Amino acid sequence: MDQADNGPPAGPSTSGHRFHPAQLLTLGLPVGLVAGALVTAVIFLAVDRGDSAGASSTSGGADPGTAMCAAIPVADQVLPSIVTISARRGAAAGTGSGQLIRSGGYVLTNDHVISVAAGSGGAVSVRYSDGRTSDATIVGRDPSTDLAVLKAADGAGDYPVIELGSSGSLQVGQPVIALGAPLGLSSTVTSGIVSALDRYVPVPGDAVTHHLIGAVQTDAAINPGNSGGALVDCDGRLVGVNAAIATVPDASGAGGGGSVGLGFAIPIDLANPIAEQLISTGKPGHPTTGLQVQEIPPAVAKAAGTPTGLFVLGVDAGGPAVQAGLQAGDIITKVDGQPAVSSEQIVVATLTRQAGDKLDLTYLRSGKQTDITLTLGAP
C-alpha cells in the first residue's frame, strides 16, 4: 500500500484552499495520506467497518442537497462500467479500481494503481462486474497527477462506458456515490456527500509526488483498493476519480486504519482531458518552464543573508525560463504573486495550464528584484 507522511506544507491551489494534514492534529490524532490502491494485508479494515460489497441505500433523491442518493439505480447503472484492476511484476502485486471511459476497452484509473506493473516484466488485468476477466495494457501514465489509462485486450465490448459529468458543477453537501474494489472486494458501493471542493493534496509515492489538484473531498467510505474508481453524482455520472484517503496511524506510526471520512478524488474536469491526451499520444503533454529549482530553507537563507524562496539550479538552453530572463543563481521569491515557499508551486502551475499560458514570477539577482512573465513551453 502506497503511504505518505505529512510531508512539506501544501502549495497553493488555484483558489487558495489547501489540505494540511497538521490541521487534523487538533483532535489529537496524527494523520497521514494513503494512496488507496495496493492491497496486501489490511483485510481487518473490512471487518472493522463491516462494509458490504453491494449497494446499501434505498432512499434519497437525485437533487443536490438531499440526504442521500438513491444508490440502487445508480449501482445498477454504473457497476457494469467499473472494473477491478490487478497489477503485478514478480512478487509485487496490488489491486485497485477503474472505469471504462471510451469504447474499445479504455479504462481510467490512478497511476499508483498500475505503477508496479510499469516496465518490463509487468502485467495488468481487469475484472468486470460479472466476474469475467481480460488482460490489459498500459496506454499512458501521468504520475504527476496520478492518472493512467489502460486498454482491455478484449475491447470490453459487452460493457457500457461510464457517463461523464462535470466536477465544476458540484456543490458542498451534494450527495455522491463511490464505486470500486476496496480490499479487492469488487463491485462495492458506498455513499456520502461532497465535504469540500478545490483541495490541493500532495501524496508522496515511491518515486514521485502525486499532485491531487482541485480535489473533491468526500465522506463516502473509500478504502485501499478504491483508488482509481468512480465518484459519481446521483445520476450516475462520473465526477471524480477516487485517489487518496486520510488514515489514523497505528501504534508503529504507519497508516493502520481505513476510511475516517476523509477521501479525495481527482475532479473529472481535470482528469478527462489528461485521459484523452494519454489515449491520443501515450503522454500527458504538460507544458514546461525550463526551470530546475530547489527550496531555500529558512536557516540557510538566514546564514547566507538571502531571502527564502526557490533557488534556480539551472535553466534549459533556449527554454521558457531563459526567454523570460532567468538564469542559474537567481532566487525566485514569488509565484503568481504568492510567496515562493515550495517547488511544488511551479509543478502545480504547469499541471493546471497549457503551453502558451503565462506564469508570473518575481526573482532576486544581485540584490535587485525583478518581475517577469514566463510563457510556458510545449513539452
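## Report on a predicted model

Apart from its neighbours within four places in sequence, Thr190 is in contact with Val176, Ile177, Ala178, Ala220 and Ala221. This and everything that follows is read from a predicted model. Thr190 belongs to strand β10, which covers residues 188-204, and its side chain reaches the backbone oxygen of Ala221 at 2.8 Å, so that Ala221 is both one of the contacts of Thr190 and the residue whose backbone oxygen is reached by the threonine side chain. Because its relative accessible area is 13%, below the 20% limit, Thr190 counts as buried.

### The chain as a whole

The protein chain holds 7 helices and 20 strands, and buried residues account for 50% of its 379 residues. Among contacts between residues at least 6 apart in sequence, 65% join residues at least 24 apart.

### Barrel and the helix across it

In the order β3-β4-β5-β8-β7-β6, 6 strands close into a barrel with antiparallel pairing, and from one strand to the next the twist averages 40°. Strand β3 (residues 82-89) pairs with strand β6 (residues 122-127) in the antiparallel sense over 6 bridges, and Ser86 stands opposite Ser125 of β6. Helix α4, residues 268-281, lies across β4 (92-102), β5 (106-109), β7 (133-142) and β8 (147-152), and it runs at about 50° to β8.

### The nonpolar core

Which residues touch the most other members of the largest nonpolar core? Of the 40 residues in that core, they are Leu108, Ile162, Ile177, Leu179, Leu212, Val232 and Ile266. Helix α4 gives the most to the core, with 7 residues. Since domain 1 (71-152) and domain 2 (174-281) both give residues to this core, it lies between them.

Ile177 is among the residues in contact with Thr190. Ile266, leaving aside its neighbours within four places in sequence, is in contact with Asn110, Thr145, Asp146, Leu147, Leu212, Val239, Gly240, Val241, Ala243 and Ala271; among these, Leu212 is itself one of the core residues that touch the most other members.

Strand β17, residues 331-335, is mostly covered, with 4 of its 5 residues buried.

Strands β17 and β18 form a hairpin with 2 residues between them, and Asp336 lies in the turn. Asp336 has a positive phi of about 50° although it is not a glycine, and its place is in the loop between β17 and β18. With a relative accessible area of 30%, Asp336 is classed as partly exposed, because this value falls between the limits of 20% and 50%.

A positive phi is also found at Ser366, a residue other than glycine, where the angle is near 55°. Most residues other than glycine have a negative phi. Ser366 sits in the loop between β19 and β20 (368-375). Is Ser366 buried or exposed? Its relative accessible area is 79%, which is over the 50% limit, and therefore Ser366 is exposed.

### Helix α7

Helix α7, residues 344-351, is mostly covered, since 7 of its 8 residues are buried under the 20% limit. The buried residues of α7 are Glu344, Gln345, Ile346, Val348, Ala349, Thr350 and Leu351. An α-helix has 3.6 residues a turn, so residues three or four places apart point the same way.

Definitions and conventions. Residues numbered from 1 in each chain as written. Predicted model: local features only at pLDDT ≥ 70, side-chain atom pairs only at ≥ 80, totals over all residues. Heavy atoms only, no water. Buried < 20%, exposed > 50% of the residue type's maximum accessible area, 1.4 Å probe, protein only. Polar contact = N/O pair within 3.5 Å; in protein donor to acceptor, adjacent residues only side chain to side chain. Contact = heavy atoms within 4.5 Å. Pairing = 2+ DSSP bridges. Axes fitted to C-alpha atoms, helices over the stretch in contact; angles between N-to-C directions. Core = buried A, V, L, I, M, F, W, Y, C linked by side-chain atoms within 4.5 Å. Domains from an automatic or database assignment.
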